[in-house]
Amino acid sequence: QVQLVESGGGLVQAGGSLRLSCAVSGGTFSNFVMGWFRQAPGKEREFVGGIFRSGKTYYADSVKGRFTTSRDNAKNTVYLQMNTLKPEDTAVYSCAARPAGFIYSDDYPYWGQGTQVTVSS
């Protein structure tokens, strides 16, 4: 059974940085496409960024240039480095894994529990 566990969320002031981690177990991590999504109160879940098996990355326009995702296949872990955070980045952030499919579509089969990121103004 594939399991994903996020860590690294918290409270940060606007302009600050946070790094989220997502540890994957129960599957062959290197075979997974990994995605990051977020959901703010009262809003739909939205794609943030993702990384292909090749290491190629893809980002939503709202975070491009501020967020970076990377993966360490030796540690079965994917990261989301978030810089220059804004209050509108406040949300629950979740990582997700899939063997194949569109990186930005939220129909991933495997999801983490989510971690809260709060950015104060």
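**Sheet, core and cross-links in a predicted model**

Four strands line up as an open sheet in the order 1-3-8-7, with antiparallel pairing. Strands here, numbered from the N terminus, are DSSP runs of E with at least two residues, and two of them pair if DSSP finds at least two bridges between them. Strand 1 (3-7) and strand 7 sit at the edges with a single partner strand each, so one side of each has no neighbour in the sheet. On average, neighbouring strands of this sheet are turned by 15 degrees against each other, direction ignored; for such angles, axes are lines fitted to C-alpha atoms, and the angles run from 0 to 180 degrees between N-to-C directions.

A word on the ground rules: this is a predicted model, in which local features need pLDDT of at least 70 and side-chain atom pairs count only at pLDDT 80 or more, while totals for chains, interfaces and linings use all residues. Residues are numbered from 1 along each chain as its sequence is written, and side-chain values use heavy atoms, with hydrogens and water left out.

Across the pairing, Phe67 stands opposite Met82 in strand 8, and Ser70 stands opposite Tyr79 in strand 8. In a regular strand, side chains alternate between the two faces of the sheet. Strand 7 has Phe67, Thr69 and Arg71 on a covered face, and Thr68, Ser70 and Asp72 on an uncovered one.

What about the interior? The largest nonpolar core has 33 residues, and Met34, Met82 and Tyr93 have the most contacts inside it. Such a core is a set of buried Ala, Val, Leu, Ile, Met, Phe, Trp, Tyr and Cys residues joined through side-chain atoms within 4.5 Å. Buried means under 20% relative accessible area and exposed means over 50%, with partly exposed in between (1.4 Å probe, protein chains only). At least two residues of this core come from each of strand 3, strand 4, strand 5, strand 8, strand 9 and strand 11 (115-120). Strand 9 gives the most, with five residues.

Strand 9 is also where Ser94 is found. With 13% relative accessibility, Ser94 counts as buried. Setting aside neighbours within four places in sequence, Ser94 is in contact (heavy atoms within 4.5 Å) with Glu6, Gly35, Trp36, Phe37, Trp111, Gly112 and Gly114.

How many disulfides does a search of the whole structure find? There is one, and it joins Cys22 to Cys95, S to S 2.0 Å. The cut-off for a disulfide is a pair of cysteine sulfur atoms within 2.5 Å. Cys22 lies in strand 3 (residues 18-25) and Cys95 in strand 9, so the pair ties together parts that are 73 residues apart in sequence. The torsion about the S-S bond of Cys22 and Cys95 is about 65 degrees, which means that the disulfide is right-handed. Both Cys22 and Cys95 are buried.

Charged side chains make links too. A salt bridge needs a side-chain nitrogen of Lys or Arg within 4 Å of a carboxyl oxygen of Asp or Glu, and by this rule there are six. One of them brings together Arg45 and Asp106, at 3.6 Å from N to O. Arg45 sits in the loop between strand 4 (33-39) and strand 5 (46-51), and Asp106 in the loop between strand 9 (91-98) and strand 10 (110-111), so this pair ties together parts that are 61 residues apart in sequence. Arg45 is partly exposed at 37% relative accessibility, and Asp106 is partly exposed at 37% as well.

Asp89 and Arg66 form another salt bridge, at 2.7 Å from N to O. This pair links distant parts of the chain, 23 residues apart: Asp89 is in the loop between strand 8 (77-82) and strand 9, and Arg66 in the loop between strand 6 (57-59) and strand 7 (67-72). Both Asp89 and Arg66 are buried. In a further salt bridge, between Arg98 and Asp107, the closest N and O atoms are 2.9 Å apart. Arg98 is buried at 6% relative accessibility, whereas Asp107 is partly exposed with a relative accessible area of 49%. Finally, salt bridges that share partners join Arg38, Glu46, Arg66 and Asp89 into one network.
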